[in-house]
Amino acid sequence: MSVTPRWSRKKPHFPLLALLFLVFITSSILYNEFRIQQIHGSPDHGSASSTQRTSFAFVKPNLPNGASEVLDRFRSCNSTKSYSGKKIRWADPDAESGRRRSTRQESCDVFSGKWVFDNQSYPLYQESDCPYMSDQLACHKHGRSDLQYQYWRWQPHNCNLKRWNVYEMWEKLRGKRLMFVGDSLNRGQWISMVCLLQSVIPADKKSMTPNAQLTIFRAEEYNATVEFLWAPLLVESNSDDPVNHRLAERIIRPDSVLKHSSQWEHADILIFNSYLWWRQGPVKLLWSSEENGACEELDGVGAMELAMGAWADWVASKVNPRKKRVFFVTMSPTHFWSQEWEPGSEGNCHNQMRPITTEGYWGSGSDLPTMRMVDKVLSRLGSKVSVINITQLSEYRKDGHPSIYRKFWETLSPQQLANPASYSDCIHWCLPGVPDVWNELIFHFL
């Protein structure tokens, strides 16, 4: 099944009858495709077929001085028009050899397995022992009494995941910058990594330096940093402020990661993610070459494909795998509908205390068209990127979310606490918990 954009087109110059016929055929295709997506639980991602378009323009991304103005939260579109069909022409990492490299095959698929209850080895740290813990993820502190979510170990089917060793990890990081780049889910994974690492560093030899968009944990003894860069859409956007980003209109520069790459390009190990923010409705595109502030509009998965292309161009052009490690973490699933794992129920992740045991379970919190698009992009990058496929293993963990046991800006009121159907956080993850396993996977591949 093709997953290429089919949303809007250049105005054709056909006679009226031919135009009406084309509109009828196109509407029928879009309607049928929409119904298929409803059946498969992905209602907001219209896919499109490039075979319907006779021509489209390619855009070279990441051109220095490509945009005349900074795109920030105060910027708006002067006007909005239909998507023109522009595509990102990103550098081919294998152009010189004339063929694609296949990604390295592991002898065992560590992403395929099951969760095993293990209260001897887990958790790998205590929530109260990590001074850098986020109130949004500190579920026990905010009232969650059942702690089973902390005691599950990921067990691949036919091999063992390398066990976490904090001293070995620090040796891998000695003299290096490890940077997480992405949204709040990636920030949660960064907090997990800091909590996993910080306990063996003396208090006077470690520090946390918040700097708005970029936050840095330093360990002097190892001359190493573990950093988080807020870049939820990878490319430049009007949501790049780490605090004030709840905007009615989401605007991106689909052809530029230069604003963010200027901060991440000197890191030795990079861990990227992007997914959740693309599922919040149509996205406005403000191309770097646009001088009049006119935006185009595109659905989330189409806009994400453009952004992934600009990001992939940077990776293909700038990354030497012998000197820099790049990881891409796949989508983190949500668990908003308990009827998906317990037919007939009407809840969400609230009061869920055990993982799903049905092997191969998929819910609507993971969008398969988006996964196919991301896989298509990453496969072209070959050995320049290592994929950390957290999606399936995290699908099982309906029990791992904060639900109402968290603080986000303000503590939930008694009325909100009494209404978990409306106020449960079924997106992020309690710590210690699922993101610790994501970091064990990073450790395994490093």
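Me: How many bridges join strand 6 (residues 177–182) to strand 11 (residues 269–273)?

Reply: There are 4 bridges, and strand 6 and strand 11 run parallel. Within strand 11, L270 is the bridge partner of M179. Two strands pair if DSSP finds at least two bridges between them. The strands (E, at least two residues) and the helices (H or I, at least four) are DSSP runs, numbered from the N terminus. Before we go on: this is a predicted model, where local features need pLDDT of at least 70 and side-chain atom pairs count only at pLDDT 80 or more, while totals for chains, interfaces and linings use all residues. Residues are numbered from 1 along each chain as its sequence is written, and side-chain values use heavy atoms, leaving out hydrogens and water.

Me: Okay, what does the secondary structure of the protein chain come to?

Reply: You'll find 10 helices and 17 strands. The protein chain has 446 residues, and 54% of them count as buried; that means under 20% relative accessible area, with exposed being over 50% and partly exposed in between (1.4 Å probe, protein chains only). Contacts are worth a look too, a contact being heavy atoms within 4.5 Å. Take the contacts between residues at least 6 apart in sequence: 79% of them join residues at least 24 apart.

Me: In what order do the 7 strands of the open sheet come?

Reply: Read the order as 7-8-9-6-11-14-15, with mixed pairing. Strand 7 and strand 15 are the edge strands, since each pairs on one side only. On average, neighbouring strands here are turned by 15 degrees against each other, direction ignored. For angles like that, axes are lines fitted to C-alpha atoms (for helices, over the stretch in contact), and angles run from 0 to 180 degrees between N-to-C directions. Helix 2 (residues 166–173) lies across strand 6, strand 8, strand 9 and strand 11, and runs at about 80 degrees to strand 9.

Me: Which strands does strand 8 join, starting with strand 7?

Reply: Strand 7 (residues 206–211) and strand 8 run antiparallel and are joined by 6 bridges, with M208 opposite F217. These two form a hairpin with 2 residues between them, and A212 in the turn has a positive phi of about 55 degrees. Strand 9 (residues 224–230) also runs antiparallel to strand 8, again through 6 bridges. The hairpin of strand 8 and strand 9 has 4 residues between the strands, and N223 takes a positive phi near 50 degrees there. As for cover, 5 of the 6 residues of strand 8 (residues 214–219) are buried.

Me: Is T215 buried or exposed?

Reply: T215, found in strand 8, is buried, with a relative accessible area of 13%. Across in strand 9, T215 stands opposite F228. Leaving aside neighbours within four places in sequence, T215 is in contact with W190, M208, T209, P210, V226, E227 and F228. The C-alpha atoms of T215 and W230 are 8.7 Å apart, though 15 residues separate them along the chain.

Me: What's the order of the open sheet of 4 strands?

Reply: That one goes 2-13-12-10, with mixed pairing. Strand 2 (79–82) and strand 10 (251–252) are at the edges with a single partner strand each, so one side of each has no neighbour in the sheet. Strand 10 runs parallel to strand 12 (residues 283–285), joined by 2 bridges, and I252 stands opposite L285.

Me: Now helices. Which residues of helix 6 are buried?

Reply: An α-helix has 3.6 residues a turn, so residues three or four places apart point the same way. In helix 6, the buried ones are P369, T370, M371, M373, V374, V377, L378 and L381. They pack against helix 5 (300–318), strand 14 (325–329), strand 15 (386–388) and helix 7 (391–395). Just after helix 6, G382 takes a positive phi of about 55 degrees.

Me: And at what angle do helix 3 and helix 10 cross?

Reply: The axes of helix 3 (residues 184–198) and helix 10 (residues 434–445) cross at roughly 75 degrees, coming within 9 Å. Angles under 35 degrees count as roughly parallel, over 145 as roughly antiparallel, 65 to 115 as roughly perpendicular and the rest as oblique. Helix 3 and helix 10 are therefore roughly perpendicular to each other. On the helix 3 side, L185, G188, Q189, S192, M193 and L196 meet P435, D436, W438, N439 and I442 in helix 10.
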